[in-house]
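Trainee: Hi! Could you walk me through this one?

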Amino acid sequence: ARRHHTGILRMSLARLHPPLTRSRLFFVRLRRAPCSRDPYTRMLISAALAQLALHADPSGVPAVHHSARRLILLRPAATVAATETADALAEHFGADVRFVLASPTPASLGGAEHLAARLSPTVIGGLGVETSQGLAGEAAAREEALAVRDFVIRGTRDGSASVIVSDERGLHEILAEALGSEEAACVPDSSVSVLDFGPGSWPAVVADEPPTAQIIGFTPSRSS
């Protein structure tokens, strides 16, 4: 009954670490998108990511390389600020964060402000929250999402990190572009994803290689 799945998760086994490139593709046949509640589908996705050596939790993610710019994607819970997830982000990646941008929704702003308040004492001059309409709502287009992504990366120094706090759709577009797969770009509630951008992986209009995906869709509450 499980043999007739449709849809394809495309991922690379070209390098063990960093894990994701597009030169060689690993195919996993799926019946539904990876964010589906179907436990079998979620199991397939977990197995695929494990094969790719994608980090299972933030503790295994290395420090950002001095020539890379790290982009951390935080999706808050649908109705409340994801303080637990923001705390986990601060604990594991806070030392490198120098900029926080959020969609102008209550959940995104709440999560971003909680994160900034926690990290401000460690940043010279403090850490504020900028807002952008480019990732807001279900109608966020790929071009708008990548424009916001490139704006944030452009303002990020080599060897440091920035955070985008937003709803599902805009983050999905950023991840889908990074992974080369709509199906793999799973953005659960209260989740963190980490992408490292080298010189050839941005801006979108001239990029000739993908960023390094360090962790995708990590949810602290489900992993504890």
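This is a predicted model: local features need pLDDT of at least 70, side-chain atom pairs count only at pLDDT 80 or more; totals for chains, interfaces and linings use all residues.

Trainee: How many helices and strands does the protein chain have?
Mentor: There are six helices and eight strands. Helices are DSSP runs of H or I with at least four residues, strands are runs of E with at least two, and both are numbered from the N terminus.

Trainee: And where is confidence lowest and highest?
Mentor: Strand β2 (residues 26-29) is lowest with a mean of 30, while strand β6 (residues 161-165) is highest at 95. That score is pLDDT, the predictor's confidence in each residue, from 0 to 100. Over residues 1-34 it is below 50. The protein chain averages 75.

Trainee: New topic: what share of the protein chain is buried?
Mentor: Of its 224 residues, 51% are. Buried means under 20% relative accessible area, with a 1.4 Å probe and protein chains only.

Trainee: Why is α5 called largely enclosed?
Mentor: Because ten of its twelve residues are buried. Among them are L171, H172, I174 and L175.

Trainee: What span should α5 have?
Mentor: Helix α5 (residues 168-179) should span 16 Å, and its end C-alpha atoms are 16 Å apart, which agrees. The expected span is 1.5 Å times one less than the number of residues.

Trainee: What comes just after α5?
Mentor: G180, with a positive phi of about 70°.

Key. Residues are numbered from 1 along each chain as its sequence is written. Side-chain values use heavy atoms; hydrogens and water are left out. Buried means under 20% relative accessible area, exposed over 50%, partly exposed in between (1.4 Å probe, protein chains only). Contact means heavy atoms within 4.5 Å.
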